[in-house]
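Here are my notes on the structure, written as numbered points. Please read them with the structure open.

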Amino acid sequence: MNPLTLDHLHHRFGDRPALAGLSLAVAPGEVVAMVGLNGAGKTTALRVLVGRLRPASGTARVLGADPSRMRPTTAHRFGHVVGVGLVSPDLTVSENVRTAALLHGVPRAEVADAGAVVVHRLDLDAWADARARTLSAGNAQRLGIACAVVHGPSVLVLDEPTSALDPRGVVLVRELVRSLADDGAAVLVSSHHLDEVARVADRVVVVHGGRSVGELAPGPEMERRFFARVLEADVAALEASAGSAA
Amino acid sequence: MTGPGTALRVELLAWRRSTVQRLATPLLVLLVPAAAVGLTTLARSGALVGAGAAKLAEYATGDLATTHVTAAGQVLAVATLMAGGFAVAATFGQPLADGRAGAYFGLATPRWTVAWARCLVVLGWAAACTVAAVALTVALSAAVSPDGLGAEAWAAAGRALAAGLLGAGLAMPFAAVATATRSPLATVGALIGIVALTQMVVLVGGGAWFPYAVPSLWTGTGGADAAAGIGTGGLLLTAAVAPAGIAVVVQQWRRLTDV
């Protein structure tokens with residue numbers, strides 16, 4: 001059984017379709033990247049996967065569980081950052097990661113060590129005693145990721161995890177994601193950064209119009225191949241609608 | 001450790017560090033005793049004339065210590081509702097407005113347990129502020145009253161304490177308002193609305209059974225007759241608002257979607 005699955009998800013916001021039959025799965029030890037244009041449905045799919053949005057139809061499963069009704073034992077193995085992380089602006093960086101560790105079910109005796117390790121790993125030591133509200137956008141993003149991985153999840157979902165990061169931050173997050181996957185975690189990442197995706201992902205799924213329209217092999221000329229796949233999907237959709245009209 | 005203990009520990013730390021708490025605590029603990037003693041002193045100074053003197057006529061006579069503590073209870077009955085309302089507007093409404101609430105999904109500590117703990121922390125904080133405000137009023141009163149505190153004053157202190165706690169409990173439904181509206185400003189608007197509605201209900205004589213009017217009337221804000229009209233039924237109904245409000249919020253957070 002794959003730890004992360006989306007199966008024929010459909011959802012609309014008013015008249016606008018957001019998901020139109022999206023399916024994908026992530027295996028243990030695999031990093032899968034979802035790429036797509038703005039409004040393609042990536043973040044909506046991730047919100048479903050985290051339990052924040054119940055789809056009109058279709059199913060999402062995290063470690064076999066419905067994400068909107070996850071039991072604590074399952075949730076303990078799950079980490080995510082979709083939009084804003086588990087960060088309180090009034091707490092310091094250290095307090096935030098320790099708080100996140102507690103909420104993720106890390107035993108109290110291990111919280112301080114787990115927090116210190118992840119703060120160091122994401123190079124946040126210099127800001128350990130700074131309030132989260134005072135951090136730059138890049139450091140705040142790294143803190144959000146630190147709070148999502150402080151418990152060593154076996155399933156991780158990240159939405160645009162490097163959007164605000166400097167090159168060093170990008171490398172840190174890439175190494176973190178890769179090492180979690182190497183330890184057996186299933187990781188699903190959404191991104192606009194095709195070059196970055198090519199470096200970290202095992203598989204790249206192109207999401208367009210609320211559904212998966214194929215995969216790209218990570219490697220050179222990702223941008224050209226991405227647009228070719230999107231164009232191909234648009235042409236196929238136009239032909240299908242012309243056929244049904246006739 | 002997961003569940004209620006974790007949630008309480010986490011929410012307690014978050015509330016200790018919050019700006020709203022840092023502002024509201026000294027206001028409740030220091031301003032209430034200062035207002036009670038100050039208004040009584042002003043009423044008895046002879047400096048007030050006209051409408052001002054009429055407004056504070058109740059404070060101008062009677063046992064000094066009892067008047068101090070009664071005045072503190074009257075202020076607390078409204079102040080704890082307002083402070084608690086602002087607190088839940090900030091703690092429930094703001095994370096829903098800025099998207100932080102989404103991070104509470106998929107946690108080993110369920111989001112509804114976090115919501116429950118958040119209510120309890122705000123309630124506990126308001127209760128602690130009430131105790132501190134009444135204790136400070138008693139201490140100030142003892143220092144300036146030549147005869148000290150008699151039985152009547154201690155009874156008034158007990159009533160002030162209870163009125164403050166009831167007022168804090170009345171803030172809990174505003175956590176449900178904040179969750180439903182996903183807006184701290186809308187929550188504050190609803191809080192102002194309930195205060196206006198309470199005035200109207202009292203004007204038409206329904207205050208004895210309207211929970212949002214009961215604490216103030218019970219402490220004598222509407223006069224001795226109105227205070228005497230508050231029965232056990234009205235007080236129990238008022239006390240039931242907090243657990244009912246918390247139950248609604250917990251259910252809302254259990255069913256929360258589209259965050």
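How many helices and how many strands does chain B have? The points below start there. Keep in mind throughout that this is a predicted model.

1. **Chain B, fold.** Chain B has 11 helices and 0 strands. Read along the sequence, its pattern is α-α-α-α-α-α-α-α-α-α-α. The radius of gyration is 19 Å, close to the 18 Å that the globule rule gives for 259 residues, so chain B is as compact as a globular protein of that length.

2. **Chain B, extent and packing.** The C-alpha trace of chain B spans about 60 × 40 × 30 Å along its principal axes. Of the 259 residues in this chain, 51% are buried. Now take contacts in chain B between residues at least 6 apart in sequence: 76% of them join residues at least 24 apart.

3. **The largest nonpolar core.** This core has 78 residues. The members with the most contacts inside it are A:Leu188, B:Phe92, B:Trp125 and B:Trp253. Note that the list names residues of chain A and chain B. Helix H5 of chain B (residues 111–144) gives the largest share, 8 residues. A second, separate core has 60 residues, and A:Leu102, A:Ala146, A:Val204 and A:Val230 are among them.

4. **Around B:Phe92.** What does B:Phe92 touch, leaving aside residues up to four places away in sequence? The contacts are B:Ala115, B:Arg118, B:Cys119, B:Ala175, B:Ala178, B:Thr179, B:Val249 and B:Trp253.

5. **A:Arg142, a buried charge.** Please look at this residue. A:Arg142 sits in helix H5 of chain A (residues 137–149). It is buried, yet it has no salt bridge. The nearest side chain of opposite charge is A:Asp123, at 4.2 Å.

6. **A:Arg142, its surroundings.** Which backbone oxygen lies 2.8 Å from a polar atom of the A:Arg142 side chain? That of A:Leu122. Not counting residues up to four places away in sequence, A:Arg142 touches A:Leu122, A:Asp123, A:Leu124, A:Leu165 and A:Leu172.

7. **Two positive phi angles.** Most residues other than glycine have a negative phi. A:Glu160 is not a glycine, but its phi is positive, about 50 degrees. This residue is in the loop between strand E6 (155–159) and helix H6 (167–182) of chain A. Its relative accessibility is 14%, so A:Glu160 counts as buried. B:Arg182 is not a glycine either, and its phi is positive, about 55 degrees. B:Arg182 is in the loop between helix H7 (173–181) and helix H8 (184–203) of chain B. Its relative accessibility is 29%, so B:Arg182 counts as partly exposed.

8. **A:His76.** Where is A:His76? It is in the loop between helix H2 (72–75) and strand E5 (78–81) of chain A. A:His76 is partly exposed, with a relative accessible area of 30%. Leaving out residues up to four places away in sequence, A:His76 touches A:His104, A:Gly105, A:Val106, A:His151 and B:Ala108. The list includes a residue of chain B, B:Ala108. A:His76 and A:Arg211 are 135 residues apart in sequence, and their C-alpha atoms are 29 Å apart in space.

Methods:
Residues are numbered from 1 along each chain as its sequence is written. Chains are lettered from A and ligands numbered from 1 in the order in which they are written. This is a predicted model: local features need pLDDT of at least 70, side-chain atom pairs count only at pLDDT 80 or more; totals for chains, interfaces and linings use all residues. Side-chain values use heavy atoms; hydrogens and water are left out. Helices (H or I, at least four residues) and strands (E, at least two) are DSSP runs, numbered from the N terminus. Buried means under 20% relative accessible area, exposed over 50%, partly exposed in between (1.4 Å probe, protein chains only). Lys and Arg count as positive and Asp and Glu as negative; His and the chain ends are not counted. A salt bridge is a side-chain nitrogen of Lys or Arg within 4 Å of a carboxyl oxygen of Asp or Glu. A polar contact is a pair of N or O atoms within 3.5 Å; within protein, one must be able to donate a hydrogen and the other to accept it, and residues adjacent in sequence count only if both atoms are side-chain atoms. Contact means heavy atoms within 4.5 Å. A nonpolar core is a set of buried Ala, Val, Leu, Ile, Met, Phe, Trp, Tyr and Cys residues joined through side-chain atoms within 4.5 Å. The radius of gyration is taken over C-alpha atoms; the globule rule is 2.2 Å times the number of residues to the power 0.38.
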